[in-house]
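Welcome to my notebook. Here is what I looked up in this structure, entry by entry.

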Amino acid sequence: MSDVLRMAIVDPNDSSRSITKNLLLGIDSIWLEAECSRYEFFSDVLTQTNPDIAVVAIDSDPQRGLALVAQITNEFPECNPLVVSGSQEGSVILQAMRNGAKEFLAYPLQIDDFVSALDRIRNTVLGSSSGGKARGSRVIAIAGASGGVGCTSLAINLACVLAQNQKNTVTAIDLDTALGDADVWLDIIPDYTIQDVAENITRLDYSLLKRSLTQHDSGAFLLPRPVHLDDRPAITPDEFQRVVALLKATFTHLIVDVSKSFNPLDMAAIESADMTLLVTQLDLPCLRNVVRLMQFLDERDLGEKIRVVVNRIGLEDSQISLNKALETIGREVYWKIPNDYASMVESRNNGVPLMTQAPRAKVTKSIEQLAAQIDNAPVLMESAKEEEKPRKGKSLFSFLGSGSR
Ligand SMILES: Nc1ncnc2c1ncn2[C@@H]1O[C@H](COP(=O)(O)OP(=O)(O)OP(=O)(O)O)[C@@H](O)[C@H]1O
Ligand SMILES: [Mg+2]
């Protein structure tokens with residue numbers, strides 16, 4: 001569901017506004033960004049929320065309502081006004097259209113009429129079946145070749161660095177629903193978790209979803225794992241995909257820390273992702289798993305999206321050189337992150353991201369450069385930055401013969 005339209009409503013009448021709002025909440029392809037009860041405040045709301053569609057209910061004061069439609073047309077050319085009214089008068093409808101309304105709907109509102117109006121706006125005005133304005137929202141999954149390779153530390157630090165760019169709005173999602181610890185890295189005690197979001201999925205609107213996210217000082221939001229372990233899944237793959245679609249309508253980056261089980265939920269995240277960073281270290285079990293995972297992902301046509309990130313470069317007990325590792329995995333390495341246990345552990349124990357804890361450390365700079373690369377490059381990068389090229393065709397364990405460090 002990639003075609004979510006973001007919407008804001010203005011209606012000074014509380015009861016009709018609530019009826020319209022409830023109707024909108026029943027439509028999957030809508031994200032209700034904001035509601036407003038005063039015509040005079042609505043342009044501020046539009047400035048702040050930048051929706052695709054502005055629903056203007058004009059009956060409380062038709063003259064002001066129609067003037068507002070003209071104002072939206074002039075001042076917010078990317079926002080499409082949709083007028084609702086109990087009036088069937090031709091002169092009112094004509095005036096609304098002259099003032100720039102893209103659609104005019106009469107009370108009582110019917111869900112089918114609303115959906116058809118949205119489709120028309122989507123097709124004729126926004127000009128694509130893929131929905132609203134291209135906001136360049138990208139989903140980045142962080143997967144690991146083994147436990148403890150550094151996925152959560154990368155996910156959290158990447159999210160915090162990306163959030164430093166004022167153009168970005170970033171959410172990290174902890175999809176390790178059993179043992180995830182993203183909240184620890186950010187020293188956040190969340191009120192809501194991914195489970196609350198899943199349980200309320202059918203009545204999820206913008207304000208409810210945003211309340212379910214906890215914002216860190218860096219600006220990044222976090223959707224944490226459930227508080228309690230449970231036999232039942234906290235969120236199904238379908239529910240997760242709906243949450244992602246909604247979040248994509250308003251966030252520029254979703255960083256998903258997937259679990260190491262590659263279960264259907266993790267796979268839903270990797271499928272939704274524009275890019276998956278597969279984190280590994282330079283040891284035999286990890287590299288063997290990279291090969292197995294790449295095979296598994298290639299079989300599912302997901303291999304193209306995978307970028308191998310080697311973490312903890314320089315770790316003394318790494319037995320395998322980078323060149324040997326490259327031969328083994330038969331892939332380019334997209335990024336290398338240096339080993340810096342002291343900075344990492346201090347950062348985690350203090351619940352403070354690296355950019356604050358150790359701003360000058362090489363590991364911090366490396367993650368900042370990775371964030372810049374992700375921010376600037378097209379979603380699917382054709383060529384990785386890495387200088388080393390792998391030589392294919394070597395057997396999995398060929399590095400064991402020589403060159404160990
Ligand atoms: N570049 C690095 N240099 C040094 N230590 C690191 C580095 N990256 C991660 N670590 C350390 O490795 C440990 C595991 O990191 P992290 O929790 O991010 O891994 P993970 O893959 O999310 O683990 P899990 O499988 O439990 O989810 C932490 O103690 C962290 O501080
Ligand atoms: Mg983790």
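**Notes from the model**

I began with I142, which touches C151, L154, A155, I255, V256, D257, V258, L277 and V279, leaving out residues up to four places away in sequence. Contact here means C-beta atoms, placed from the backbone, within 7 Å.

A note on the source: this is a predicted model, where local features need pLDDT of at least 70, side-chain atom pairs count only at pLDDT 80 or more, and totals for chains, interfaces and linings use all residues. Residues are numbered from 1 along each chain as its sequence is written, while chains are lettered from A and ligands numbered from 1 in the order in which they are written.

Next I looked up the largest nonpolar core, and I found 114 residues in it, with I142, A159 and V256 having the most contacts inside it. Such a core is a set of buried Ala, Val, Leu, Ile, Met, Phe, Trp, Tyr and Cys residues joined through C-beta atoms within 7 Å. Helix α6 gives the most to this core, 10 residues. Domain 1 (5–125) and domain 2 (138–398) both contribute residues, so the core lies between them. The domain bounds come from an automatic or database domain assignment.

Then I turned to A182, which sits in helix α7 (residues 182–185). Helices are DSSP runs of H or I, at least four residues, and strands are runs of E, at least two, numbered from the N terminus. Is A182 buried or exposed? A182 is buried, because 25 other C-beta atoms lie within 10 Å; buried takes 20 or more, exposed 12 or fewer, and partly exposed falls in between.

Notes: Two residues are in contact if their C-beta atoms, placed from the backbone, lie within 7 Å.
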